Amino acid sequence: MANHPYVGMWVTDDGQIRHELLPDNRYDEARGTRQSAYQGRYEINGTHIDYWDDTGFTADGEFVDQDTLHHGGMIFRRR
């Protein structure tokens with residue numbers, strides 16, 4: 001996954017949520033001043049992403065282009 005085009009940092013326009021897709025199929029999400037608020041694994045199929053949080057909940061999202069991710073009702077931009 002290290003060379004996958006979606007690996008990297010994704011941030012909401014207000015900067016409050018920072019979502020890092022790591023090359024080992026793990027993610028680390030910060031919210032406001034809370035670092036590592038959520039962590040877990042992810043899998044990308046085409047432009048669709050599925051998440052499995054370490055606490056047990058699941059989520060998904062869609063990459064609408066190379067620099068925009070829609071996830072959980074939010075829009076993330078590549079940083």
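Author: Asparagine 25 is partly exposed, with a relative accessible area of 27%, where partly exposed lies between buried, under 20% relative accessible area, and exposed, over 50%, with a 1.4 Å probe and protein chains only. The model is a predicted one, in which local features need pLDDT of at least 70, side-chain atom pairs count only at pLDDT 80 or more, and totals for chains, interfaces and linings use all residues. Residues are numbered from 1 along each chain as its sequence is written, and side-chain values use heavy atoms, with hydrogens and water left out.

Asparagine 25 sits in the loop between strand S2 (17-21) and strand S3 (26-31), a strand being a DSSP run of E with at least two residues, numbered from the N terminus. Its phi is near 65°, a positive value in a residue other than glycine. Most residues other than glycine have a negative phi. Serine 36 also has a positive phi, of about 50°, although it is not a glycine; this serine belongs to strand S4 (residues 34-45) and, at 35% relative accessibility, counts as partly exposed.

Strand S4 also holds glycine 40, which counts as buried because its relative accessibility is 0%. Setting aside residues up to four places away in sequence, glycine 40 touches Asn25, Arg26, Tyr27, Trp52, Asp53 and Asp54, a contact meaning heavy atoms within 4.5 Å. The C-alpha atoms of glycine 40 and glycine 15, 25 residues apart along the chain, are separated by 21 Å.

Strand S7 (residues 68-71) pairs with S8 in the antiparallel sense over four bridges, with leucine 69 standing opposite phenylalanine 76 of S8. The hairpin of S7 and S8 has two residues between the strands, and there glycine 72 takes a positive phi near 60°.

Key:
Two strands pair if DSSP finds at least two bridges between them.
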